[in-house]
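Hi everyone, thanks for making time for this one. Let me put the structure up on the screen, and then we can walk through it together.

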Amino acid sequence: MKTSVRSDPQEPVRSGSQAGEEPGNWRNFDLFAPSEEHALLAESLRIFVQREVEPQAAEHDREERFNRALFRKAGELGLLGITIPETYGGSGLDGVAAVQVMEALSTSDPGFGLALLAHSYLFAHNLWVNASAEQSQRFLPDAVQGATVCGMCMTEPGAGTDVLGMQTRARPEGDGWVLDGVKTYITNGGVADGELGDVFIVYAATGERSLTSFLVEKEMEGFRLGQKWQDKLGMRASFTAELVFEGVRVPARNVIGEPGEGTQHMMRNLEIERLTLAAQGLGIAQRSLEVMLGYANERKSFGRPLRDHGQIQRYIAESFAEYRAARAYVYDTARRLSFTRAGQRVDADATKLIGAQVAKRAADAAIQVLGGAGYMGENVVERLWRDAKLLEIGGGTLEAHHKNITKDLSRDPGQIA
Ligand SMILES: Cc1cc2nc3c(=O)[nH]c(=O)nc-3n(C[C@H](O)[C@H](O)[C@H](O)COP(=O)(O)OP(=O)(O)OC[C@H]3O[C@@H](n4cnc5c(N)ncnc54)[C@H](O)[C@@H]3O)c2cc1C
């Protein structure tokens, strides 16, 4: 899977399924697998999910445990560095591939998917886009292989949506910086009970409304794991933790970019973060539909399959239409995503706004179609319903998306069409 994305965007696009058709014909364009590489990736993902992800998903949710071994396997398959250039051991693919990975994993285990998302997009992708070649060389090869488990620290006990209100501070000292503060709800903050994750991009205030990005490594003195958040509603196969920084000395070589550039790094990374979270919603909706349709065909009431009842048809049809519309929007936005230029914030926010809600509604509809069976833990839709709720909070709440979208459209109404 270690392949490069096409360098020439004008090159005719042919997917595996369309081989043999006239090249360059725009009608052949497959939004969901625009090249042979994407088609191959889709097939590898299908096999990986079926053989490796699905058999462990329910157990890791129940035990609230991150699957470290599965994470390594994802690294071996090239899934942890999907957007990272081959120079650093990555697959060198694009936004569509990133979305494919997250949709496929989330049909089975959104919690494991979230751990991968935090590592691959909030940490590795963020680092590659914003850090120096030396920093990328130092951290990315291990991250891409799955030798390390990494994350990104923005949220604090007193500041989430209001990110510029963060209290974690860094002050210059000698040839480096000293970091103090607490971050919370950090995915991959730990990997197992009492065991800290490996490397984190930490945003800290270095002046009045000025943030700087630091690379904090687990061996650094004063850096420790606070509490593990237990009893989460969903995404229980990911480890969510509080991280404590007490006089952590961070050398200058671990500062990303220039002091004061942290907000810019954060904003640049939000587009891929929100798109991949939206893709998690697609996976949840897809699986919910498969489950509710299968049940509606099998289960009889009043002598007829459930699918013959109009109210059940409504659940299936509405979920299907919403899923297909959201899927087209997410993949179209992913296709146009630039890794180096911001510019699609409105679509990144809007895809996540719709992806999150479509997922929750589809999982809810699936539970309703299954009746009591849907409410029971042995059926996957109950877990998907719990996992879907995170998408309305993490990576920006629904309300944050409402604000951003309205602000961006008011600034440039031309973005509507
Ligand atoms: C499972 C999980 C994993 C996470 N992983 C990470 C991670 O890896 N790294 C990380 O940094 N963070 C992570 N987060 C944190 C997440 O991004 C935040 O929870 C989210 O940004 C919201 O912040 P908050 O929880 O502080 O809520 P608040 O900001 O306190 O918001 C509370 C409520 O008020 C609303 N609100 C706030 N301000 C306004 C306003 N101006 N107008 C209208 N409504 C408003 C919000 O929309 C929300 O409904 C994770 C969270 C969870 C639950």
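Let's begin with the strands: how many bridges join β3 to strand β9, and do the two run parallel or antiparallel? Nine bridges join them, and the strands run antiparallel. Before I go on, please keep in mind that this is a predicted model. If you'd like a pair to look for on the screen, Gly181 stands opposite Phe245 in β9.

Strand β9, residues 240-251, has another partner in strand β8, residues 223-228. Those two are also antiparallel, joined by four bridges. Here you can find Arg224, whose bridge partner in β9 is Val244.

Now let's step back to the whole chain. The assignment divides it into domain 1, covering 16-145, domain 2, covering 150-258, and domain 3, covering 263-416. Between domain 1 and domain 2, the C-alpha centres are 25 Å apart. Where these two meet, 25 residues of domain 1 are in contact with 18 residues of domain 2.

Which elements give two or more residues to the domain 1 side of that contact? They are α1 (36-62), α4 (110-130) and α5 (133-145). Of these, α4 gives the most, with 13 residues.

Keep α4 in view, please, as we turn to the ligand. Helix α4 supplies at least two residues of the shell around the ligand, and so do β1 (150-153), β3 (176-187) and α11 (398-411). In terms of domains, at least three shell residues come from domain 2 and at least three from domain 3.

And which residues come nearest to the ligand? Out of 23 around it, those are Met154, Gly160, Thr161, Thr397 and Glu399. Sorted by class, the shell has eleven nonpolar residues, ten polar and two charged.

One last stop, a helix pair. Helix α3, residues 95-106, packs with helix α7, residues 310-335, at an angle of about 145°, and their axes are 7 Å apart. On the α3 side the contact is made by Gly95, Val96, Ala98 and Val99, and on the α7 side by Val330, Tyr331, Ala334 and Arg335. Six of those contact residues are nonpolar, one is polar and one is charged.

Technical notes: Residues numbered from 1 in each chain as written. Predicted model: local features only at pLDDT ≥ 70, side-chain atom pairs only at ≥ 80, totals over all residues. Axes fitted to C-alpha atoms, helices over the stretch in contact; angles between N-to-C directions. Contact = placed C-beta atoms within 7 Å. Nonpolar A, V, L, I, M, F, W, Y, C, P; charged D, E, K, R; others polar. Domains from an automatic or database assignment. Near = placed C-beta within 6 Å. Pairing = 2+ DSSP bridges.
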